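Work through these exercises with the model open. Try each task before reading its solution.

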Amino acid sequence: MNILIFGCGSIGTHHAQAARSLNFNVYVTDINASQMNYMRKKLYPARYGKWDDNIIFLDYKNIFNFKKVFDLVIIGTSPAFHLTVLKKIIKKIKYKKILVEKPLCVYKQNLDFLKKKKFKKNLYCGFNHSISPSILNLFKLSKQKKIGKVYYVKINWKEDFKLVLKAHPWIKSIKDSYLSDINKGGGVSHEYSHAIHLGVCFKNILFPKKNIKMSNKITFKKINNNKYDIKTIIKLKHNNTTIEMDIDSITNPPKKNLIIYGKKGKIYWERNMKKKEEKISIFKEKKVITKKFLISRPFDFINQLKILLINKKNSITNITKIESAITVMKIMKNIFQKKHV
């Protein structure tokens with residue numbers, strides 16, 4: 001397998017290591033040459049012990065003239081540049097599949113070109129939490145109605161941005177990052193769009209192709225002339241069923257959990273990075289059944305590559321196809337156009 005990665009930051013480093021762990025040929029490029037040097041000398045060794053000499057750097061100026069066919073091209077740049085890079089890749093690079101990291105883009109960018117049928121088969125977005133073994137199990141339980149008819153899903157995705165900055169040690173503070181500017185893909189709705197994607201997945205299970213009512217409440221914060229959301233609550237409703245996504249960048253320690261309420265019980269899911277586990281507990285008929293899943297950040301990316309390139313199960317790959325990412329952006333565009341000019 002030949003893998004090409006755009007971006008030598010945190011995400012690009014995760015993808016490079018994941019691909020190398022599967023013995024893929026890895027090529028990396030970045031418009032900023034100093035970032036490539038930082039990845040090689042500091043970021044990659046700090047995370048994985050030492051640099052992997054099998055990773056090949058390519059000059060960004062020449063990348064679009066490269067003739068190799070890539071099994072997967074990964075876009076791990078800042079969100080504001082995702083679509084620009086994607087268009088160049090589609091026109092000038094030979095590829096089989098493309099994975100755009102989350103969020104797909106900035107909420108106000110035009111996505112019309114992605115609606116063409118030819119893009120539906122081989123474009124994906126990097127919502128790797130949505131295809132973790134525990135979440136796939138959760139979707140299965142929801143479809144099987146293990147707790148009866150589901151009437152409420154509550155998704156909590158809360159993590160202080162200070163912890164995000166720890167993964168990006170070259171950034172001194174949030175004001176020096178796109179995270180502090182909603183127009184560059186900052187704020188919790190963009191950065192933690194995992195939560196919105198999970199909401200979309202549950203919508204597709206519980207009321208697919210149905211008209212929905214949407215409501216939201218957003219708290220913004222200003223830094224200099226920039227503005228970004230630090231807390232967002234989104235609700236999707238159809239008849240008597242509600243999906244709520246509660247997202248913030250101020251909770252510490254992180255709180256990432258999901259509760260599914262049914263007529264005959266409830267299901268509780270939790271992600272705990274300190275314990276390196278995800279856990280599902282089913283509460284039904286005064287009994288509790290718990291199942292644990294081992295996790296790690298490297299596993300998130302390795303698992304994603306296996307699903308896209310090795311296992312290739314349609315029912316799983318469909319979860320991260322570009323259509324669901326477009327739906328996420330439609331939701332974000334809707335909530336921000338109401339609250340933000």
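**Exercise 1.** Where is the place of aspartate 71? Find its surroundings too.

*Solution.* This is a predicted model, where local features need pLDDT of at least 70, side-chain atom pairs count only at pLDDT 80 or more, and totals for chains, interfaces and linings use all residues. Residues are numbered from 1 along each chain as its sequence is written, and side-chain values use heavy atoms, without hydrogens and water.

Step 1: locate the residue. Aspartate 71 sits in the loop between β4 (69-70) and β5. Strands are DSSP runs of E with at least two residues, helices are runs of H or I with at least four, and both are numbered from the N terminus.

Step 2: check burial. Aspartate 71 has 13% relative accessibility, so it counts as buried. The cut-offs are under 20% relative accessible area for buried and over 50% for exposed, with partly exposed in between (1.4 Å probe, protein chains only).

Step 3: find the side-chain partner. Aspartate 71 makes a polar contact of 3.3 Å with the side chain of lysine 96. A polar contact is a pair of N or O atoms within 3.5 Å; within protein, one must be able to donate a hydrogen and the other to accept it, and residues adjacent in sequence count only if both atoms are side-chain atoms.

Step 4: list the contacts (heavy atoms within 4.5 Å). Leaving aside neighbours within four places in sequence, aspartate 71 touches Met1, Asn2, Lys96, Lys97 and Leu309.

**Exercise 2.** Trace the open sheet of 6 strands.

*Solution.* Step 1: read the order. It is β3-β2-β1-β5-β7-β8, with parallel pairing. Two strands pair if DSSP finds at least two bridges between them.

Step 1: find the edges. β3 (56-57) and β8 (123-125) each have a single partner strand, so one side of each lacks a neighbour in the sheet.

Step 2: inspect one pair. β1 (residues 2-6) and β2 (residues 25-29) pair in the parallel sense over 5 bridges. Isoleucine 3 has valine 26 in β2 as its bridge partner.

Step 3: Axes are lines fitted to C-alpha atoms, for helices over the stretch in contact; angles run from 0 to 180 degrees between N-to-C directions.

**Exercise 3.** Trace the open sheet of 8 strands.

*Solution.* Step 1: the order is β10-β11-β12-β9-β13-β14-β15-β16, and the pairing is mixed. The edge strands are β10 (213-223) and β16 (287-294).

Step 1: β11 (residues 226-238) and β12 (residues 241-248) run antiparallel, joined by 8 bridges. Leucine 236 stands opposite isoleucine 243 in β12.

Step 2: place the helices. α4 (residues 133-143) lies across β13 (255-262), β14 (265-272), β15 (277-284) and β16, at about 20° to β15. α7 (residues 193-206) lies across β9 (150-158), β11, β12 and β13, at about 170° to β12.

**Exercise 4.** Is arginine 271 buried or exposed? Name its polar partner.

*Solution.* Step 1: arginine 271 lies in strand β14. Step 2: its relative accessibility is 5%, so arginine 271 counts as buried. Step 3: a polar contact of 2.7 Å joins its side chain to that of aspartate 300. Step 4: beyond neighbours within four places in sequence, the contacts of arginine 271 include His129, Lys256, Glu277 and Arg297.
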